[in-house]
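Here is a short briefing on one protein model. Look over the sequence and the structure first, then read the points below.

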Amino acid sequence: QVCHASRPTMAARRPKYAHLNDHPPPLREPSIPLKEVALAGGLFLIGTTFLTIGIHCFFTSSFMESIPLVMLGALTFIPGVYHCFLFFMILRKVPGYTVDMIPKFD
């Protein structure tokens with residue numbers, strides 16, 4: 001009788017250089033860009049203010065006087081809310097949201 005030592009199958013074996021594309025985790029978390037946080041918060045507050053004034057002007061004065069305020073409010077509110085949402089998700093460490101998603105203003 002011949003005794004065969006059990007060999008791992010080809011699927012169980014890991015190729016010799018399979019670990020070359022593995023990257024170690026970063027030593028520290030990337031810093032939160034404070035300028036971009038301030039810009040997003042500013043856009044959000046300015047947009048909210050203009051939208052509120054525009055809606056108030058719509059109900060008290062006329063539709064034509066409220067159009068510029070509502071348009072300016074929408075142009076600043078939408079990007080402000082989007083970037084504030086991104087920062088909120090990054091701070092909560094939700095998978096798929098990274099600091100790399102934020103555009104840098106140098």
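Buried means under 20% relative accessible area, exposed means over 50%, and partly exposed covers the range in between, with a 1.4 Å probe and protein chains only. The model is predicted, so local features need pLDDT of at least 70 and side-chain atom pairs count only at pLDDT 80 or more, while totals for chains, interfaces and linings use all residues. Residues are numbered from 1 along each chain as its sequence is written, and side-chain values use heavy atoms, with hydrogens and water left out.

**Overall picture**

- The protein chain holds 2 helices and 0 strands. Helices (H or I, at least four residues) and strands (E, at least two) are DSSP runs, numbered from the N terminus.
- The chain has 106 residues, and 15% of them are buried.
- Its accessible surface is about 9,100 Å². Carbon and sulfur atoms provide 69% of that surface. The areas come from the Shrake-Rupley method with a 1.4 Å probe; for residues, only the protein chains shown count as cover.
- Contact means heavy atoms within 4.5 Å. Among contacts in the chain with a separation of 6 or more, 57% join residues 24 or more positions apart.

**The helix pair**

- Helix 1 spans residues 34-60, and helix 2 spans 63-91.
- Their axes come within 6 Å and cross at roughly 150°. The axes are lines fitted to C-alpha atoms, for helices over the stretch in contact, and angles run from 0 to 180 degrees between N-to-C directions.
- Helix 1 and helix 2 are therefore roughly antiparallel to each other. The angle classes are under 35 degrees for roughly parallel, over 145 for roughly antiparallel, 65 to 115 for roughly perpendicular, and oblique for the rest.
- The crossing of helix 1 and helix 2 is left-handed. That term applies if the near helix is turned anticlockwise from the far one by less than a right angle; clockwise gives right-handed.
- The residues of this helix 1 and helix 2 contact divide into 21 nonpolar, 9 polar and 2 charged. Nonpolar covers Ala, Val, Leu, Ile, Met, Phe, Trp, Tyr, Cys and Pro; charged covers Asp, Glu, Lys and Arg; the others, Gly among them, are polar.

**Buried positions**

- Glu-36 sits in helix 1. It counts as buried because its relative accessibility is 7%.
- Leaving aside neighbours within four places in sequence, Glu-36 is in contact with Phe-87, Ile-102, Pro-103, Lys-104 and Phe-105.
- Ser-66 belongs to helix 2. Its relative accessibility is 2%, so Ser-66 counts as buried.
- Ser-66 touches Gly-54, Cys-57 and Phe-58, not counting residues up to four places away in sequence.

- Pro-68 is in helix 2 and is partly exposed, at a relative accessible area of 46%. Pro-68 and Phe-50 lie 18 residues apart in sequence and 9.2 Å apart in space, C-alpha to C-alpha.
- Tyr-82 also has its place in helix 2. At 46% relative accessibility, Tyr-82 is partly exposed. The C-alpha atoms of Tyr-82 and Ala-40 are 8.3 Å apart, although the two residues are 42 apart along the chain.
- Phe-85 is found in helix 2. A relative accessible area of 39% makes Phe-85 partly exposed. Its C-alpha atom is 9.5 Å from that of Ala-40, a residue 45 places away along the chain.

**After helix 2**

- Where is Lys-93? Lys-93 lies in the segment after helix 2.
- Lys-93 has a positive phi of about 60°, although it is not a glycine.
- Is Lys-93 buried or exposed? Its relative accessibility is 58%, so Lys-93 counts as exposed.
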